[in-house]
Amino acid sequence: MDILLVASAFNSLTQRVYAELTDHGHRVDAVLASHGPDAVRAAVTRARPDLIIAPMLKTALPEDLWREHTCLIVHPGPEGDRGPSSLDWAIAEQAPHWGVTVLRAEAAMDAGDIWASVPFRTEQVGKSDLYRNEASDAAAAAVLLAVRRFEEGSFKPRPQSDPEVRVVWRDALRQTRRRIDWAADSTATVLRKLRGADSQPGVLDEILGREVFLHGGHPEDRLRGRPGDLLATRAGAVCRATSDGAVWIPELRPRKNSGDPAPFKRPAASVLGPDAPGEEPVPLELPAGRRTWTDIRYRQHGDTGFLAFSFPGGAMSTDHCRRLLAAYRHALTRPTSVLVLGGARDFFSNGIHLNVIEAAPDPAAESWTNLNAMNDLVEAVLRTTDRLVVAALGGNAAAGGVMLALAADEVWCRTGTVLNPHYRRMGLYGSEYWTYSLPRRAGERAAERLTTEALPVSAATAHRLGLVDRLVPAPAAEFAAEVDRLAAELSRAPGLGRRIEAKAAARARDEAARPLADHRSAELARMHAIFFDPRADYHALRSAFVRKVPSGTARPLAPAADPLTASPR
Ligand code: COA
C-alpha cells in the first residue's frame with residue numbers, strides 16, 4: 001500500500017514505523033506536521049496514500065484529511081486511555097502494564113474507533129527509554145496489525161462506546177504534580193518522579209539557589225545526608241539526598257530566563273560548575289550487590305568480558321570517550337577471548353555529544369577534540385586482534401555510534417532496533433573510520449546509498465545489508481541476559497581460537513590495502529573543514545538540535561528518497 005506518515009517529528013517511533021512498514025513492502029512517505037496543515041495536505045495530494053498513519057502527533061490533523069481518508073493515530077496508552085501524558089501517568093500511577101492503541105482520528109482527542117491495541121509491561125526505567133523500547137515494540141506490532149486489518153478490508157474497528165472499553169481522560173501531567181519534596185519524598189518516590197519526566201520535560205527544581213530541570217534518576221545505596229543536600233558528583237552526575245537515601249541525577253537544564261536563548265540539557269556537574277560537590281568515584285568492576293550509578297562498568301564471566309556503558313541520549317562527550325577508552329584498555333588486560341561492548345538496554349551510541357559541544361566556549365574546537373576522542377576509541381576496537389569483540393545493541397544507534405558498533409568483529413542487534421548509519425542530517429561528512437567499516441560490511445554501493453539517502457534502517461534490513469551479524473529477538477528487559485547467554489556460547493564455540501588467530505592477518509591485509517591512518521586523516525580533513533567553517537550548516541543544525549527548535553537552514557537532503565526536508569528532529 002501507499003502509506004503516508006504524518007508526525008510532529010521524525011522521532012524514534014516514527015522511524016521505527018517507517019522502517020518496519022518499508023520492510024513489509026509498503027511504499028512509505030512522511031511529512032512533518034510542524035510544516036503546517038497546507039504542507040500536510042500537499043503531501044497527501046502528492047502521495048495519494050491508501051492510508052495515513054500518525055505515529056507521534058502533538059497537534060490535531062486537519063479535519064478535511066481525517067474526513068476524506070482513513071487516518072490512524074498511534075496512542076501510547078491502553079484502550080480507552082485518552083490525553084497527552086499517557087506514559088507519564090503510567091509511571092506516576094505505577095501501572096504494572098500499559099499499552100499502545102491504534103485508533104481512527106476524529107474530532108475528539110484519542111476518541112476514535114480502535115483498530116488495534118497491544119499491551120506491554122511497564123519496566124522501571126525512564127519514560128523515553130520505555131517509549132523507545134517496550135512502547136515502540138508494542139506500537140510497531142499494533143501498527144502492523146492495524147495495517148493488515150485495513151488491507152484485508154473486512155475488519156470492523158471497535159467503537160469506544162463499547163461497554164468493554166473503559167474510557168479514562170488523563171490531563172497533561174504538570175510540573176506542580178512532578179515537583180519533588182526533598183524533605184518528605186522517599187528515594188522510591190523521587191525516582192518515580194524523575195523517571196516519569198525523563199528525558200522530557202524534566203522535573204523543575206532548585207539547586208544551590210538556581211532553578212533547573214532535573215533529567216534522569218538512579219538509586220544510590222551508600223551515600224547519605226540531610227534531605228535535599230548535594231552529596232557528591234560522579235562522571236558528571238550529581239548525587240542528592242532524599243528523605244531515606246539518595247539518588248543520582250546525570251543531567252540538568254537551566255530554566256529559561258526571558259530574553260536568554262533556550263538553555264539545554266548538559267551533564268549536571270558542568271551546569272553547577274565550581275559549586276558542584278567533590279567526585280565520588282567507584283571501581284570499574286563494581287562489587288556484587290552494590291546499587292549505585294555509574295555509566296561505565298566492566299565484569300567478567302569466565303572467558304568473556306563485558307564492558308557496559310550507557311550515556312544519556314547515547315551522546316558521547318570527549319570525557320565519555322576518554323573514560324570508555326581507558327575502560328576498554330583495562331578490559332584488554334584481562335584474560336578473555338570474547339569482549340562484549342554495550343549497555344543493558346536503550347541507546348547504544350549516537351556519536352559525539354552535540355550539547356556539550358554547543359555549550360563549549362569554542363564549539364568548533366570542542367567538536368574536533370570530541371571527534372578525535374571518539375576516533376581513538378573506535379581505532380582501539382578496530383586494532384584489537386587478540387580476542388573477538390562483539391558490539392551488542394540493545395537499542396538504537398546513529399552516526400558515529402553505529403560506526404563504533406561496526407568496528408567490532410560481530411554486531412548483535414535487538415530486533416526492533418533502528419540504525420541511522422549516516423551523518424548528513426547534522427551537516428557532517430562523518431568520521432569514526434566509516435569509510436573503512438561501512439563498505440567493508442555492506443559494500444561500496446550500499447555504503448554510498450546509506451550515507452546519501454540518510455534514512456533509518458531496521459535491524460532486519462541492517463542484517464540483510466551485512467551491518468548486523470545476529471538479530472536478538474528478545475524484549476528489551478531480557479536483552480542483557482540473552483547477550484550473556486549468547487556470549488558464553490560464543491566463547492565455547494569450537495572455531496573461536498582459529499577466528500582470533502586469523503584477525504591479525506586480516507588486519508594486516510586491510511592495512512596494506514589502505515592504512516587506517518589514511519582513512520582517519522582523509523575523514524578528519526573533511527570534518528575539520530566543516531567544524532572550522534562558521535557558515536557550515538552543521539553549526540546551525542547543531543544549535544537547533546540541542547534547543548529542539550526546527551531549523552530554517554537545513555536543505556532538502558535527497559529529494560527522491562528523503563521523506564523529510566527540514567530539520568533532523
Ligand atoms: N548529542 C547530544 N544529544 C543527543 C545526541 C547527540 N549526538 N543524539 C541524541 N541526543 C539526545 C537528543 O537530544 C534527545 O534528548 P532528549 O531526550 O532530551 O529529547 C535524546 O538524545 C533522544 O534523541 P531524539 O532525537 O529525541 O531521539 P530519536 O530517536 O527521535 O532520534 C537520532 C535519534 C539519533 C536520529 C537523533 O537523536 C540524532 O540525529 N542525533 C544526532 C546524531 C548525530 O548527528 N551525531 C553526531 C555525529 S557523530
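Let's start at the ligand. Which residues come nearest to the ligand? There are 27 residues around the ligand, and the nearest are Ser199, Gln200, Lys265, Ile352 and Lys548. Keep in mind that this is a predicted model.

Now some atom pairs. Lys265 has an N or O atom in its side chain that sits 2.6 Å from an oxygen atom of the ligand. Ser12 uses its backbone instead: an N or O atom there lies 3.0 Å from a ligand oxygen. Then there is Leu354. A polar backbone atom of Leu354 is 2.9 Å from a nitrogen atom of the ligand.

Go back to Ser199. Where is Ser199 found? Ser199 is in the loop between α7, residues 187-196, and β9, residues 203-207. Look at the backbone there. The peptide bond from Asp198 to Ser199 is cis, with omega near 5 degrees. Move along to Gln200. The peptide bond from Gln200 to Pro201 is cis, with omega near 5 degrees. Pro201 also has its place in the loop between α7 and β9.

Another backbone detail, in another loop. Find Gln94, between α4, residues 86-92, and β6, residues 97-104. Phi of Gln94 is near 55 degrees. That is a positive value, and the residue is not glycine.

On to helices. Two packed helices are described by two things: the angle between their axes and the distance between the axes.

Take Ser12 again. Ser12 belongs to α1, and it is one of the residues that meet α5. Helix α1 covers residues 12-23, and helix α5 covers residues 127-152. Their axes come within 10 Å and cross at roughly 40 degrees. So α1 is oblique to α5. The crossing is right-handed. On the α1 side, the contact includes Leu13, Arg16 and Val17.

Last pair: α13, residues 434-442, and α14, residues 444-453. What angle do the axes of α13 and α14 make? They cross at roughly 120 degrees, and come within 7 Å. α13 and α14 are therefore oblique to each other. This crossing is right-handed. From α13, the contact is made by Trp434, Leu438, Pro439 and Ala442. From α14 come Glu444, Ala446, Ala447, Leu450 and Thr451. Those residues divide into seven nonpolar, one polar and one charged.

Notes: Residues numbered from 1 in each chain as written. Predicted model: local features only at pLDDT ≥ 70, side-chain atom pairs only at ≥ 80, totals over all residues. Heavy atoms only, no water. Axes fitted to C-alpha atoms, helices over the stretch in contact; angles between N-to-C directions. Helix = DSSP H or I, 4+ residues; strand = E, 2+ residues; numbered from the N terminus. Parallel < 35°, antiparallel > 145°, perpendicular 65-115°, else oblique. Left-handed = near helix turned anticlockwise from the far one by under 90°. Contact = heavy atoms within 4.5 Å. Nonpolar A, V, L, I, M, F, W, Y, C, P; charged D, E, K, R; others polar. Near = heavy atom within 4 Å. Polar contact = N/O pair within 3.5 Å; in protein donor to acceptor, adjacent residues only side chain to side chain.
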